[in-house]
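Thanks for coming. I will go through one model today, starting with the fold as a whole and ending with some individual side-chain pairs. Please have a look at it first.

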Amino acid sequence: MLLLWHFLINVFLVVTKRNYLKATILSFYHDAALYGRIANPYFADLYAQYHPIHLELMNAYSIWNAHKGTQVGKTSTLNKLLTQLSGTKIQKWDVKMQDTLGKDSEQYKVLMPRFRRPFQNGKQISRVGAVKTLGKNLTGIASLSALKAEVDAFYVLLQTAMKSQKSEISTSGTESKAVETARVAMCVAQYSNLGLLMSHFSTKPSQVEPFFDLKNIRNPRQIVFTGQVNPTILREILKHTFKAKDKLKIINEGKVALEFYLSRRKGKMPMGTTIVVQADEERSLTASELGNLADTHLTVLNPSPITIGKFTVLLG
């Protein structure tokens, strides 16, 4: 099979794939380079055609980035509430029910048929649902009326936070489509201008270089890693020596919680620190949060016995 002639590959599309920030950097550079030569009618015409495309990308990226920040904040709010639920809240509620009804009583068993597990494990919606069910089952138990009020109030907080997060995820998804469309349009425009400038400077092709951000174009270091991980399987994502303040973004795109950690060797189970990222959750963190920085294998574990996990990791 013959490979596509490399001149026919749009390098701008390649180097900015899944990297909207780099797309904006390349666009700023090219737009400014054209503007700097606007006194020449030839370049003025190129600028007039390219500048609206550049502005569309900047606008789409700005809106998308703002929503991503809001989404992270609202995800953090929900995560904090779920952490409270799995820790102090359910412990306090459980102790109160045991003290009031007795651990071996039928009433207690109806309220807590699986003890604390539904409140501490599982998908977000399942854990929120467990709180709703507990509040409903507490109805009519006079000695626990105050506890029912507390459980119902906490359920309202959880439900509000979850709705708010899902709304932002939906909005961010719509905005990401807009910025992707703008990215592609920008890359096509730069590729077109590359051809026009090569024609214009056909006897002196080196003069094309100042119009493009070659430093970023020539630095295609992989920063995006995507993949799947089968049930009960661990998978190495990459091998890298991290510094404590190196930043990562982990996106769980599947329907099961995944565990991320640094391991000393490929295929090694977690021995200490793990970062649990829930289904449909996005986490921003520093490398130091993943464990010992002397361990260089970033690994993901799927603890589910039946569901395939999907993830994306972005460096920087």
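Among contacts in the chain between residues at least 6 apart in sequence, what percentage join residues at least 24 apart? The value is 76%, where contact means heavy atoms within 4.5 Å.

Before the details, some conventions. This is a predicted model, in which local features need pLDDT of at least 70 and side-chain atom pairs count only at pLDDT 80 or more, while totals for chains, interfaces and linings use all residues. Residues are numbered from 1 along each chain as its sequence is written, and side-chain values use heavy atoms, with hydrogens and water left out.

On confidence: pLDDT is the predictor's confidence in each residue, from 0 to 100. The chain has a mean pLDDT of 84, with 89% of its residues at 70 or more. Over residues 69-73 the pLDDT stays under 50, and the model has 6 contacts for that stretch beyond four places in sequence. Where pLDDT is low, the predicted coordinates should not be read in detail.

Now the overall content. There are 8 helices and 8 strands, taken as DSSP runs numbered from the N terminus (helices H or I, at least four residues; strands E, at least two). Of the 316 residues in the chain, 40% are buried. Buried means under 20% relative accessible area, exposed over 50%, and partly exposed in between, with a 1.4 Å probe and protein chains only.

Next, the cores. A nonpolar core here is a set of buried Ala, Val, Leu, Ile, Met, Phe, Trp, Tyr and Cys residues joined through side-chain atoms within 4.5 Å. The largest one has 27 residues, and Leu-57, Val-179, Leu-197, Phe-211 and Phe-212 have the most contacts inside it. Two or more residues each come from α1 (11-15), α2 (20-35), α3 and α7. The most comes from α3, with 9 residues. Beyond its neighbours within four places in sequence, Leu-57 touches Ala-23, Thr-24, Ser-27, Val-179, Ala-182, Arg-183 and Met-186. Another core, of 26 residues, lies apart from this one and includes Leu-81, Trp-93, Leu-101 and Ile-141.

On to the strands. Two strands pair if DSSP finds at least two bridges between them. The pairing of β1 with β8 (residues 309-315) is antiparallel and runs over 6 bridges. Gln-228 has Lys-310 as its bridge partner in β8.

The other open sheet to show also has 4 strands, in the order β2-β7-β4-β5, and its pairing is antiparallel. Here β2 (234-239) and β5 (275-277) are at the edges with a single partner strand each, so one side of each is left without a neighbour in the sheet. Strand β4 (residues 258-263) pairs with β5 over 3 bridges, in the antiparallel sense. Leu-258 has Val-277 as its bridge partner in β5.

Last, salt bridges. The rule is a side-chain nitrogen of Lys or Arg within 4 Å of a carboxyl oxygen of Asp or Glu, and the count comes to 8.

Which residue forms a salt bridge with Lys-89? That is Glu-150, with the closest N and O atoms 3.7 Å apart. Lys-89 is in helix α3 (residues 41-101) and Glu-150 in helix α7 (residues 145-200), 61 residues apart. Glu-150 is partly exposed, at 23% relative accessible area.

Asp-295 and Arg-264 form a salt bridge at 2.4 Å, N to O. Asp-295 sits in the loop between β6 and β7 (297-301), and Arg-264 in the loop between β4 and β5, 31 residues apart. Is Asp-295 buried or exposed? Asp-295 is buried, with a relative accessible area of 10%, whereas Arg-264 is partly exposed at 46%. Leaving aside neighbours within four places in sequence, Asp-295 contacts Leu-262, Ser-263 and Arg-264.
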